[in-house]
Amino acid sequence: MSRVARIVGVGDYTPSNRITNEQIARAIPGWGAELIREKTGILERRFLCALDEVAGRSLRPWDGVRSNTDMAEVALREALEMGCVLPSSVDALFLVTSTPDRPDFSHDAMQLHRRLGLRADALAFVINDGCGGTPYVLDLVNKLLTSGGVRTAAVVASNFASAYVDRRVYTDPVAVGGHRLSGFLSMYVFGDGAGAVVLRGDEGPGGVLDSLVLSSHEPLVVRRGGGAECPVLLDDARPGDFAFVVNGREVAASYPHFMRACVEGVTRGAADEVRRFYLHQPNKRVLERFMADAGLSPSQVACTVERYGNTSAAGMLVALSEDVRQGVVRLGDGELVCIAAVGANVHAGAQLIRL
């Protein structure tokens, strides 16, 4: 019997600190609170950092969970515990994030490797990616597990948007595709959080039934600064160069195209048999339009963005973990679920999974 990649544990972490539209609009001027709600459908987002609304910047937490690595650790430990998986059994750890605590040398993944006490020969990588990174990496893990290259793998996705709150950065327009865009929309839609899944390569039915990835090159999110092209000390660097700038028009135009290709590519015309869809949620309005066009009912699609904001690569895994915790779906019950996302550069992908 052929090997399959089976989810054995899930976990998540979202901060308790709720930031309203009124608060973020005061900190980062651009739209008013009501316009944020109207345009995005987001009512609040969760921030790990406190928010200084007057100065327009974040205040770093010093107690408890206070970093990207901390959030990822909480989510991963929960997933390992649910799956009754010892850290010493993990063969590979992939952390998907574009907001690591330190940008180089797979820092956050190596910190998780150390904190959990993984074996010296266990792989640990940071995958520097955004919203589409989760199904992209799940596709890689599926291939590793089904080939027998590894037996147990963990995928963690995280987003630490509140660390970047800075009025100077997110109100400074930058040139993107011939247009002048400001990053204030990013601060309105993004929130903090982490989600994790632990997968095991087993023989038998179920697991990942189908998987695909797609690549394209639309500038959905741009961040020029921070690399060799535009280091911090470059003479002509502008504050806006260091913002994550969402190209809202490109997102709205490309999301339905890529998501339809991803969802239809793995469900193959049987979307009505899927119990639950865990889709990337740029904002609630974009998600709602896609659901209507694709004929997906609200009961089929997990939606957390109006409460947590867009948690980038973490969003699908946070929603799956929340559903498992609340009993909406159960690991091992054989129900079909679908994970799909598109983001940033473009990375897109999907998995059809029998739990």
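Leaving aside its neighbours within four places in sequence, which residues is serine 182 in contact with?

**View 1. Serine 182 and its surroundings in the predicted model.** In this predicted model, serine 182 is placed in the loop that runs between β10 (179–181) and α7 (184–189). Once its neighbours within four places in sequence are left aside, the residues in contact with serine 182 are Tyr170, Thr171, Asp172, Pro173 and Val245. The side chain of serine 182 reaches the backbone oxygen of tyrosine 170 at 3.1 Å. With a relative accessibility of 18%, serine 182 counts as buried, because the cut-off for that class is under 20%.

**View 2. The open sheet of five strands.** The strands of this open sheet follow the order β1-β11-β8-β6-β7, and their pairing is mixed. Because β1 (3–13) and β7 (123–128) stand at the edges and each has a single partner strand, one side of each is left without a neighbour in the sheet. On average, and with direction ignored, neighbouring strands of this sheet are turned by 20° against each other.

View 3. Helix α11 (residues 315–326) lies across β1, β8 (152–159) and β11 (193–203), and the helix runs at about 85° to β1.

View 4. Threonine 97 has asparagine 128 of β7 as its bridge partner.

View 5. A pair of aromatic rings is described by the distance of the centres and the angle of the planes. The count of aromatic pairs in the model comes to six. In one of them, the rings of phenylalanine 184 and tyrosine 188 have centres 5.4 Å apart and planes at 50°, so this pair is tilted. Both residues lie in helix α7, where phenylalanine 184 and tyrosine 188 are four residues apart, about one turn of the helix. Phenylalanine 184 counts as buried at 17% relative accessibility, and tyrosine 188 likewise counts as buried, at 0%. Ring pairs also bring in Trp31, linking Trp31, Phe184 and Tyr188 into a cluster.

View 6. The rings of tyrosine 255 and phenylalanine 290 have their centres 5.8 Å apart and their planes at 90°, so the pair is edge-to-face.

**View 7. Arginines over aromatic faces.** Two arginine placements are shown here, each described by a distance from a ring centre. Arginine 223 lies over the face of phenylalanine 244, at 4.6 Å from the ring centre, while arginine 307 lies over the face of tyrosine 308, at 4.7 Å from the ring centre.

Terms used: Residues numbered from 1 in each chain as written. Predicted model: local features only at pLDDT ≥ 70, side-chain atom pairs only at ≥ 80, totals over all residues. Heavy atoms only, no water. Pairing = 2+ DSSP bridges. Helix = DSSP H or I, 4+ residues; strand = E, 2+ residues; numbered from the N terminus. Axes fitted to C-alpha atoms, helices over the stretch in contact; angles between N-to-C directions. Contact = heavy atoms within 4.5 Å. Buried < 20%, exposed > 50% of the residue type's maximum accessible area, 1.4 Å probe, protein only. Polar contact = N/O pair within 3.5 Å; in protein donor to acceptor, adjacent residues only side chain to side chain. Phe/Tyr/Trp six-rings, centres within 6.5 Å; stacked < 30°, edge-to-face > 60°. Lys NZ or Arg CZ within 6 Å of the ring centre and 35° of its normal.
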